[in-house]
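Reader: I would like to learn how to read a sheet and the helices around it. Where do we begin?

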Amino acid sequence: MPYSKENLQSVREKIAARRASAIATYETRREKLTLEIPSLAEIERNLAMTGSRIMGAALAHELDEASLNEIRKENERLRKMRAVLLTANGYSADYLDIKYTCPLCSDTGYVGIDMCKCMKRELTIAGIKSSGLIHLMESQSFESFDLSYYTDADLIKAQTNLKLLRDFAYGFSTEKSASWLLIGHTGLGKTHLSTATAKVVIERGFDVVYESAQGIISSFEAVRFGGDYESRHDKKYFDCDLLIIDDLGVEVSNQFTLSCVYNIINARINQNKSTIINTNLSQSELRERYADRITSRLFGEFSPLLFTGRDIRGQKIRKS
């Protein structure tokens, strides 16, 4: 599955640091104990030699299975001798084993050619953090979306919206795009379902960015007016697999902000990338606020999902 280059790099560095730390701890212990227990030094040298022979032969494809098994047996014999020496001197038998955080991959991030589950877990965490959803995801999921706050026609709409977005999230793919325009007043579940969608898509290994419209405009302003050309914080809005824009319509409306909104929407449509937009504005208010070139794309390329009913936040307050 695809992951952002930034998250891949940071996770690889994190796992590499774990491996380096584990090896450094082993080296410190080995140096101390070979001075303290002289006979241990010979065993450690022989263990290092057998390990090198196995690695070198495997890379060169020089050893048959029988010869390789002999080296492994010798390695195991030396390890048992070392364990006896260690316990006789008051140390645990595995004191000189390298204690990797993940014993499956020895803190390399890979088991053979496959990505280890420890690396996948770290990438999921990194994806949630970079999406800006770390706090919302703790409480907002598809499972926690409470339909009891809706009645009659509002309930039917909520059930439909839940199913459509859940199916989209679990079937998300970069090979096929789908974009959604979530319309409705505040407190009707738009943010909850957007967060739930992002959570599932991130957990499936894709790169998601969740940002308010105002936050996106601020990033563009930093590049345009602040000279922030090197970090280019606006680039992620074009590159991510799924972009979720929250509260479209709260940003200050001027020629610059309209241009930013158009550029993002148009670019992602042209790149066949999925986008979700939440707005409290009605269809007529959107047409009044945004130019035709923006609204034609919103209503022509995005599937509208209407949220209706009574403010859920207000209902919760009255119940408490």
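Author: Begin with pairing: two strands pair if DSSP finds at least two bridges between them. Strands (E, at least two residues) and helices (H or I, at least four residues) are DSSP runs, numbered from the N terminus. This is a predicted model, in which local features need pLDDT of at least 70, side-chain atom pairs count only at pLDDT 80 or more, and totals for chains, interfaces and linings use all residues. Residues are numbered from 1 along each chain as its sequence is written, and side-chain values use heavy atoms, without hydrogens and water.

Reader: In what order do the five strands of the open sheet lie?

Author: The order is S4-S5-S6-S3-S7, and the pairing is parallel. S4 (208-212) and S7 (303-306) each have a single partner strand, so one side of each lacks a neighbour in the sheet. S4 pairs with S5 (residues 242-248) over five bridges; in S5, Ile245 is the bridge partner of Glu211.

Reader: Which strands does helix H9 touch?

Author: Contact means heavy atoms within 4.5 Å. H9 packs on the sheet and touches S5 and S6 (274-279). Angles run from 0 to 180 degrees between N-to-C directions, with axes fitted to C-alpha atoms, for helices over the stretch in contact. The direction of H9 makes about 150 degrees with that of S5.

Reader: At what angle do the axes of H9 and H11 cross?

Author: The axes of H9 (residues 255-270) and H11 (residues 292-301) cross at roughly 35 degrees and come within 9 Å. Residues meeting there include Leu258 and Tyr262 in H9, and Ile294 and Leu298 in H11.
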